[in-house]
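Colleague: I am new to this structure. Please take me through the terms as we go.

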Amino acid sequence: MSFIATPLSMHFEEPLPLQGGASIHHYDLAYETYGELNAERSNAVLVCHALNASHHVAGVYADQPRSEGWWDNMIGPGKPVDTNRFFVIGVNNLGSCFGSTGPMHTNPDTGRVYGADFPVVTVEDWVDAQARLLDRLGISKLAAVLGGSLGGMQALCWSLRHPERLAHAVVVASAPNLNAENIAFNEVARRAIVTDPDFHGGNFYDHGVVPRRGLRIARMVGHITYLSDDVMNQKFGRQLRDGLDLKYSTQDIEFEIESYLRYQGDKFSDYFDANTYLLITRALDYFDPARAHAGNLTRALAASRAKYLLVSFTTDWRFAPSRSREIVKSLLENQRRVSYAEIDAPHGHDAFLLEDPRYLGVMRSYFESIAKEFA
Amino acid sequence: MSEKSTIEAIARLVPEGARVLDLGCGDGALLSYLQQERGCSGYGVELDDANVLACVRRGVDVLQLNLEDGLAMFGDNSFDVVLQIDTLQHLRNAEVMLRETARIGRLGIVAFPNFAHWPNRLSVLRGRMPVTRRLPYQWYDTPNIRVGTFKDFEVLAHKNRLSVRDAFGLQGGQEVRLLPNLRAGTAVFCLEHV
């Protein structure tokens with residue numbers, strides 16, 4: 001049984017300067033909190049979300065029993081990130097389609113929907129917006145910032161951009177930047193969306209349509225990369241959907257994997273915003289803390305003060321263990337405190353969201369050790 | 001090998017406040033002791049999931065890496081002390097790892113089961129591979145893929161141009177300095193670059 005989560009929203013008036021040079025004002029951040037902030041305000045854990053997630057990290061909404069948060073196996077009473085001890089904050093990023101101000105909202109300066117005009121936001125921008133939310137909540141220092149994948153990049157960014165404001169950075173299934181192959185996958189996804197005839201240069205809201213075909217293909221490509229070859233073979237193999245016979249068609253669904261990908265694509269295109277997908281994949285492409293240091297990650301991480309836990313999964317080929325080890329190496333060169341778990345899990349990148357006793361055990365133990373620090 | 005007396009005997013070789021890398025750190029007991037009793041800092045390297053978990057639980061910084069993949073992650077002389085306690089015997093590339101230990105640490109401390117300990121010799125004389133408290137496995141299911149002796153290691157250290165700063169045996173947690181090759185179940189070497 002999960003607890004009841006309540007979505008909240010905070011409105012901000014003061015302009016937020018963005019990395020791209022623009023600034024944004026009159027924006028809302030959607031967020032949720034679980035557990036109680038202690039008297040010293042020292043037990044807060046910020047959870048940063050990945051690509052298609054949101055502030056709804058754990059628990060269920062009242063009257064929606066199947067609405068578990070996306071990290072409900074990790075966060076809650078008695079769970080690895082124990083909300084009996086920690087005050088957990090989930091926050092939805094700017095540009096998202098899940099409650100925080102994004103492309104489908106009205107631009108107060110023009111009175112029109114942002115659409116393609118929503119400014120390009122970066123991981124740094126998200127972190128700065130999150131910092132303002134914490135200011136409002138009266139939290140000057142976090143016990144930990146936790147995130148997986150793109151969320152892990154935010155956790156890493158937090159530790160460099162606001163080093164005095166967190167004690168621990170927990171970076172799961174992440175990387176110090178995307179490699180060319182990753183950017184290539186993002187580009188395929190973006191081209192699928194922008195070349196959809198229903199995209200209308202990003203202003204499809206005015207036309208009452210959604211670039212569904214593009215979103216479907218973007219999701220199919222993404223989904224393939226989140227799984228491992230082994231898991232995909234195990235789940236689908238070469239199974240045919242309609243029994244044993246080939247249909248000698250080229251456009252029908254014949255293999256089970258085709259059916260699955262189309263289902264995932266359809267589901268995604270029902271709820272995800274095309275402009276948001278473009279923005280988020282761009283933020284992923286851009287993230288590279290070493291860029292300002294001529295590519296030297298060790299110099300970039302010199303700003304860090306936090307203690308780190310990094311976790312990677314052996315079959316994750318999108319954010320491979322070697323990418324996490326780059327971060328570990330640079331932290332070692334800066335003589336920072338760091339632990340690193342390389343979980344031998346079969347599931348690929350998606351493993352960071354799944355049940356794995358070794359993974360959840362490491363997370364539980366690490367958060368127990370954090371809890372001891374402020375107990 | 002995490003008996004208290006053994007941990008203490010090894011810890012005495014580690015200077016106060018040293019920055020330590022413990023290769024094959026097991027459950028982190030030694031590092032935890034070094035942190036608490038000798039003001040050391042550092043990391044353990046460990047492959048086994050349960051051991052990694054035990055380290056995290058103790059608050060020992062641990063890196064889950066396979067030593068057989070090499071130690072390129074660690075820079076030259078980046079640690080005061082590199083420990084290799086009961087690790088050497090599990091490694092395929094034992095000689096490389098010994099050289100790496102010397103490259104990464106200003107001081108290397110290596111301990112391993114001494115196969116020349118007299119009960120082992122007796123057992124082999126009787127025609128059987130030894131099964132003892134220190135070498136508790138049958139020959140066909142032992143995780144120890146290298147068995148060497150106190151004297152063998154001296155030769156290997158010299159071959160790799162490492163100078164032996166100190167060497168002794170350990171038996172029941174006590175230092176053995178007289179005939180350690182015969183009288184001690186564990187060989188301990190403290191090494192420096194020449």
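Modeller: Start with the term nonpolar core: a set of buried Ala, Val, Leu, Ile, Met, Phe, Trp, Tyr and Cys residues joined through side-chain atoms within 4.5 Å. Buried means under 20% relative accessible area, exposed over 50%, partly exposed in between (1.4 Å probe, protein chains only). This is a predicted model, where local features need pLDDT of at least 70, side-chain atom pairs count only at pLDDT 80 or more, and totals for chains, interfaces and linings use all residues. Residues are numbered from 1 along each chain as its sequence is written, chains are lettered from A and ligands numbered from 1 in the order in which they are written, and side-chain values use heavy atoms, with hydrogens and water left out.

Colleague: Which residues touch the most other members of the largest nonpolar core?

Modeller: A:Trp158, A:Tyr277 and B:Phe74 do, among 89 residues. Helix α1 of chain A (residues 123-137) gives the most to this core, eight residues. Helices (H or I, at least four residues) and strands (E, at least two) are DSSP runs, numbered from the N terminus. A second, separate core has 68 residues, including A:Val57 and B:Leu30.

Colleague: What does A:Tyr277 touch, not counting residues up to four places away in sequence?

Modeller: Its partners include A:Leu51, A:Leu215, A:Tyr226 and A:Phe268. Contact means heavy atoms within 4.5 Å.

Colleague: Which residues does UniProt list for "active site"?

Modeller: The unreviewed entry lists A:Ser149, A:Asp316 and A:His349. They are spread over 201 residues of sequence, yet they cluster in space, with a largest C-alpha distance of 10.7 Å. UniProt positions are given in the numbering used here, feature names are shortened, and annotations may be inferred rather than shown by experiment.

Colleague: Why is A:Ser149 called buried?

Modeller: Its relative accessibility is 8%. The limit is under 20%, so A:Ser149 counts as buried. A:Ser149 sits in the loop between β11 (142-148) and α2 (150-161) of chain A. Beyond its neighbours within four places in sequence, its contacts include A:Ala173, A:Phe319 and A:His349.

Colleague: And A:His349: buried or exposed?

Modeller: Buried, at 3% relative accessibility. A:His349 lies in the loop between β14 and α11 of chain A. Among the residues that A:His349 touches are A:Ser149, A:Thr225 and A:Asp316.

Colleague: What makes a space a pocket?

Modeller: On a 1 Å grid over the protein atoms alone, a pocket is an open set of points with protein on both sides within 12 Å along at least five of seven lines, whereas in a cavity a 1.4 Å probe fits but cannot get out. Lining residues have an atom within 4 Å of a point. The second largest pocket holds about 1000 Å³. Grid points are joined across faces, edges and corners, and the volume is the space filled by probe spheres set on the points. Of its 39 lining residues, those closest to the centre include A:Asn52, A:Arg219 and A:Asp350.

Colleague: Which residues does the "binding site" annotation cover?

Modeller: In the unreviewed UniProt entry, A:Arg219 and A:Asp350. They span 132 residues in sequence, yet no two of their C-alpha atoms are more than 13.9 Å apart, so they gather at one spot. The lining of the second largest pocket includes A:Arg219 and A:Asp350.

Colleague: Why does A:Asp350 count as buried?

Modeller: A:Asp350 has a relative accessible area of 18%. That is under 20%, so A:Asp350 is buried. A:Asp350 is in contact with A:Tyr226 and A:Leu227, leaving aside neighbours within four places in sequence.
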